[in-house]
Amino acid sequence: MPSYDQLRELLDPATTVLLTVECQQGVVGPASALPELAKEARSSGVLANVARLVAGAHACGIQVIHAIAERRPDGRGANRNARLFRAAERLPVQQLSGTTAVRVAAPIEVTEEDFVVRRLHGLSPIQGTDVDALLRNLGCRTLVVTGVSANVAIPNAVFDAVNRGYTAVVPTDAIAGVPSEYTPAMIRHTLALVATLTTTADLLAALRVRPA
């Protein structure tokens, strides 16, 4: 874990963006298409920690981007080249554009200053979406990655961020996957090699002690 000074250096509000990944009602909400993942995100405190981080970012002027995965009702443009995509087509809750399933889930607050970026294809919230262009136009150097799932979208986001030259910061108690024991193993053996790891409390503390 980095020291407060190192964390503060990385988290300059002018060059930091907080990304929430698939923190939408149809994924982590009470009526989720993936109830096991939703239960893990809520019971572990991950969703509450994402909400805390978003509130902290809003308070100190860090830009927030919410990455949402959705599909058209007719499925046009969606991937079908992996088991995951084909299974998603059969789920009882569909992440359809314009429905409540693709709204950011409580208790995360979305403000007018936030960006909500929606993707109709692929596994990554960065590759093939508007996120990278927004980050560059915002002058981003550090990307804080939060949300779900630690199985697929979170490592995709971290790898894509690093490959594009951003420093990835991952609050380890603000990401969730299934089964519960998978996430710490993935963090230890994969994300630790490419991202700066921290916790929600340490990240918020670093933001609070930043000199005016």
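Asp132 is buried in this predicted model, with a relative accessible area of 17%. Asp132 forms a salt bridge with Arg164, the closest N and O atoms being 3.8 Å apart. Because Asp132 lies in helix α6 (residues 131-137) and Arg164 in the loop between α7 (153-163) and β5 (167-171), the pair ties together parts that are 32 residues apart in sequence.

**Salt bridges**

- The structure holds nine salt bridges.
- Arg164 counts as partly exposed at 23% relative accessibility, and a salt bridge also joins Arg164 to Asp160, with 3.8 Å between the closest N and O atoms.
- Asp160 is buried, its relative accessible area being 12%.
- Through shared partners, salt bridges link Asp132, Arg136, Asp160 and Arg164 into one network.
- Glu89 pairs with Arg80 in a salt bridge whose closest N and O atoms are 2.8 Å apart; Glu89 is partly exposed at 31% relative accessibility, and Arg80 is partly exposed at 43%.

**Nonpolar cores**

- The largest nonpolar core has 31 residues, and Leu11, Val148 and Leu203 are among those with the most contacts inside it.
- Elements giving two or more residues to this core include α3 (35-43), β4 (142-148) and α9 (200-208), while α4 gives the most, with seven residues.
- Another core, of 28 residues, lies apart from it and includes Val17, Ile65, Ala153 and Val158.
- Beyond four places in sequence, the residues that Val148 touches include Val28, Leu37, Ala153 and Ala176.

**Strand β7**

- Thr198 lies in strand β7 (residues 196-198) and is buried, with a relative accessible area of 1%.
- Leaving aside neighbours within four places in sequence, Thr198 is in contact with residues including Met1, Leu7, Pro171 and Leu203.

Methods: Residues numbered from 1 in each chain as written. Predicted model: local features only at pLDDT ≥ 70, side-chain atom pairs only at ≥ 80, totals over all residues. Heavy atoms only, no water. Helix = DSSP H or I, 4+ residues; strand = E, 2+ residues; numbered from the N terminus. Buried < 20%, exposed > 50% of the residue type's maximum accessible area, 1.4 Å probe, protein only. Contact = heavy atoms within 4.5 Å. Core = buried A, V, L, I, M, F, W, Y, C linked by side-chain atoms within 4.5 Å. Salt bridge = Lys/Arg side-chain N within 4 Å of Asp/Glu carboxyl O.
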